[in-house]
Every structure is written in C-alpha cells, then in structure tokens.
Amino acid sequence: MVAIDKGTAAGVSFALTEEQKELRALAHTFAEREIRPHEAECDAEMRHPADLIAKAHELGLMNLHVPAEYGGLGLSAFDGLLVSEELYWGCSGIGTSITANGLGSGPVLLFGTQEQQARWLPPLIESPILCSFALSEPGAGSDVAALRSTAVRDGDEYVLNGSKTFITNAGHAEWAVVFAKTDPAAGRRGMSAFVVEMGSAGVTIEKHLEKMGQRATDTSAFALTDVRVPVENRLGEEGDGFKIAMATLDFTRPGTAIGAVGVAQAAYEHALEYSKERVTFDLPIAMHQAVGFMVADMATEIQASRLLCWQAAWMLDNGMGREATLYSSFAKRFAADTAMKVTTDAVQVLGGYGYIKEYPVEKLMRDAKLFQIYEGTSQIQRLVIAREIFTPKG
Ligand SMILES: Cc1cc2nc3c(=O)[nH]c(=O)nc-3n(C[C@H](O)[C@H](O)[C@H](O)COP(=O)(O)OP(=O)(O)OC[C@H]3O[C@@H](n4cnc5c(N)ncnc54)[C@H](O)[C@@H]3O)c2cc1C
C-alpha cells in the first residue's frame, strides 16, 4: 500500500526560480502572440501547425527533457509543466502538436542505450522533426496487453505487422516507437518496443482522424505491413515493451494533466471577464451568487489541479517511483475532470453566447473532453489509484 503523502512536499518551495519564471514567461508570450491568433483557424480547418512547431522549436520550447550531452536543455519534469501549461492555455491542439515529442521520445530517453540516444535524440534538437508513441490499436486502448501487432525476428531484423490508431502526430512524424508482440502467447510479457522510421517500406498512413476537439493536432491511423526494422532499433530486451510503455506514461502524465489546467485556466479567464461585463436584472452577472460561486469553484479547482501536477512532477524529479505513479494518476484524473467541469461551466456563464463559435469557450469545452480519454482514461486513472492504495508495497 502506498501511504498518502502528508510530509514529503514539506521541502518544496512554491517560489519559482528566476530561470523558471523566465521560461514560463517565454512560453506565455509565445502562446499569446503566436498560438492564440491561429487557434480558431487551426481548429476549424484541422490544420497541422507546422509553422508554429518550427517557431516553438527555434525558441527552445520543444524537446525540453533531452539531456545536454545530446544538445538539449535537460530540463526537469517540473520545468516542463511550466511551459506546457502556457502552450495549452494558448490552444491545446497546437500545444499537443508541440509537446507530443515528449511522449514520442520518452521511451528512448528512459530506456535507450547510449548509442540509441545518440542516434535518435540530437536530430530532434537540430530541426523541428516530430516523433510519435504508437501503442494503441483498434482493439487495444486501455487494455494495452491486448495489442495484436507482431514483431518476428528474422536474422538481424524484425518484421513488423499490424495496425495502430489514434497516434498523435503520426501523419507528420519521422519516426515512432512502435509496441508489438514478440511472443503473442505471453500477454503483456510478450510485448517489445521498436523505433520505426515512418518512411520505411510497409508503413502506410491510412487516415488522419477527424476529431471533436484539439483539432490542430494530427491524430492518425497507420498500418505496418512486413516492415523491416534492424535489431539495434529494439529498446530494452524482448518482453520489456509493457514496462517501457507504462514507465513512459508515468513520466508524461503530469505534463498531460497540466495541459488540462491550461485549458481550464483559459476558460476561467474568459468566464471571469464576461461575468463582470454582462448585466442582467441591473447587476453584472458575477454579482448573482449562482454565477459568482461557479467562478469561485473554477478558481479553486484549477489551483488544486495545478498543485497536484506540480507535486507529481516533483516526485518524478526526485526519483520517487511508485509514489510518483500514484500522484501522476491523482493529477491526471483530477485535472482532466476539472477541465471538463470548468469549461462546461464557462459555457454556462456565457449563456447563449457560450454555445456560439464566435466565442472561445465552446472550443475549450470540446478540447477539454480529450483529457479524460487519452494517456489513460479517467476510469483507468481510478483503477491505478485504487491498485496503488490497496496493493501491498514491495
Ligand atoms: C486524440 C487522441 C490522441 C491519442 N494519442 C495517442 C498516442 O499518441 N499514442 C497512443 O498509443 N494512443 C493514443 N491515443 C489512444 C488513447 O490512449 C486511448 O483512446 C485510450 O487509452 C482509451 O482506449 P480506447 O479508446 O481503446 O477505449 P477503451 O479502452 O475501449 O475504453 C472504452 C471505455 O471503457 C472504459 N474502460 C475500459 N476498461 C475499463 C476498466 N477496466 N475499468 C473501468 N472502465 C474501463 C474506459 O474508461 C472508456 O470509458 C489517443 C487517443 C485520442 C482520442
């Protein structure tokens, strides 16, 4: 059983360093000046924001965790949250396009050998290329071990076959970490992970999926047909795939959760401003207690979500393993559900205008829904939390 933490955060200061404040300000300014002006158009047209990805890359707002020895900044999980919240505040679809390399490169960062890291990480710093994390399949989302893609060893290569779906940025990625079964009879212990170049013969993008929200991010389905991958592209040993996938998701979960905080913060700010301006029955609607309390709950729950994300990231940065898994799920579950509630309430505060596309909050409500689904649904987060609470430690 993992004890609920009462004291480990005692050493944490909530005062950000000057560098952290500057990093956050840089991301905020970028979100305000570059992302916001394009969010409506990218949403309406499902436009992949290659130009904004390139600008973010130039400013050093991508691939934050790549170590200095490979040309990156080697920033902490905590620092990454400061950037992500602002980018998602700008637009979560564009924000996801910019930050998803963190998920794509996560398995290489966490499990790659020196040679593998030296091969795959520096190009991410040198130019704004994208990489993806290809775990989900048409028949395997929450139930990861049910995946059916196979990788069969043939001399110095593996031959991969299967279908992947819902893969962020896959339609524009240079490479993806693909999870496939090397021993289909062994369930989760039979999964392995491979870096696959998306230009390889046999990789076919089948569909750019049309989504309800976060429409600026490409989400694609692709097929693998007799794709030959050299043995040196396997991450870890055969059978390590499940462990690699779960550890990567533990690492990225607070970063996804803080995206939900950014969306909720944006909705809150719109609702707050509108509630001060809109007059009914001779009063600004903020003065009607029902509206004022909605705004008060938004502010409270957003801050609680932000602090859970910060604590989870701090635990990851301090090597707190199993506790970090629990807190990452606390953060993801709570922040995702908060974003859904806050954005729904923001539409309510704007009344009929909230439902109209000329106003920004209906998009935020559509965008928020995804946080309850990807990188582990809210139900799966509860499953993880219950398992961590009830399973004996050790
Ligand atoms: C826009 C988008 C981007 C994505 N990006 C990626 C990506 O980059 N890479 C990648 O690999 N995947 C990605 N995904 C896939 C995503 O992680 C899965 O959609 C998610 O894990 C849910 O899987 P599923 O869709 O198969 O739903 P299912 O697993 O079929 O779940 C359906 C419903 O049943 C519930 N449920 C399932 N099992 C249980 C259980 N044991 N207990 C309680 N409830 C349960 C779920 O919570 C959900 O409500 C993305 C998805 C979307 C929509």
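Guide: What follows is a walk through the core, then through the parts around it.

The model is a predicted one. The domain assignment divides the chain into domain 1 (8-128), domain 2 (131-239) and domain 3 (242-390).

The largest nonpolar core has 70 residues, and those that touch the most other members are I35, I94, I98, C309 and V349. Two or more residues come from each of α1 (18-45), α2 (50-58), α3 (77-90), α4 (92-99), α8 (241-277), α9 (289-317), α10 (321-349) and α12 (361-369). Helix α10 is the greatest contributor, with 13 residues. Because domain 1 (8-128) and domain 3 (242-390) both supply residues, this core lies between them. In general, nonpolar side chains in soluble globular proteins tend to be buried together.

With neighbours within four places in sequence left aside, I94 is in contact with I35, H38, E39, C42, P49, L52 and A216.

For α3 and α4 the angle is about 140° and the axes are 6 Å apart. Angles over 145 degrees would count as roughly antiparallel; α3 and α4 are therefore oblique to each other. The crossing of α3 past α4 is right-handed. On the α3 side the residues that meet the partner are S84, L87 and Y88, and on the α4 side they are S92, G95, T96, I98 and T99.

T217 sits in the loop between β6 (203-208) and β7 (219-230). Not counting residues up to four places away in sequence, T217 touches S92, G93, T96, S97, T168, N169 and K211. T217 has a relative accessibility of 5%, so it counts as buried. Q214 lies in the loop between β6 and β7 as well. Its relative accessible area is 1%, which makes Q214 buried. Q214 also has a phi near 45°, a positive value in a residue that is not glycine. D226, in strand β7, is not a glycine either, and its phi is positive at about 50°.

Next comes helix α5 (residues 101-111), which is mostly covered, with eight of its 11 residues buried. The buried ones are N101, L103, G104, S105, G106, P107, V108 and L109.

The C-alpha centres of domain 1 and domain 2 are 23 Å apart.

The last stop is D183, in the loop between β4 (173-181) and β5 (191-197). Its relative accessibility is 38%, so D183 counts as partly exposed. From D183 to S305 the separation is 122 residues in sequence and 40 Å in space, C-alpha to C-alpha.

Terms used
Residues are numbered from 1 along each chain as its sequence is written. This is a predicted model: local features need pLDDT of at least 70, side-chain atom pairs count only at pLDDT 80 or more; totals for chains, interfaces and linings use all residues. Side-chain values use heavy atoms; hydrogens and water are left out. A nonpolar core is a set of buried Ala, Val, Leu, Ile, Met, Phe, Trp, Tyr and Cys residues joined through side-chain atoms within 4.5 Å. Buried means under 20% relative accessible area, exposed over 50%, partly exposed in between (1.4 Å probe, protein chains only). Helices (H or I, at least four residues) and strands (E, at least two) are DSSP runs, numbered from the N terminus. Domain bounds come from an automatic or database domain assignment. Contact means heavy atoms within 4.5 Å. Axes are lines fitted to C-alpha atoms, for helices over the stretch in contact, and angles run from 0 to 180 degrees between N-to-C directions. Angles under 35 degrees count as roughly parallel, over 145 as roughly antiparallel, 65 to 115 as roughly perpendicular and the rest as oblique. A crossing is left-handed if the near helix is turned anticlockwise from the far one by less than a right angle, and right-handed if clockwise.
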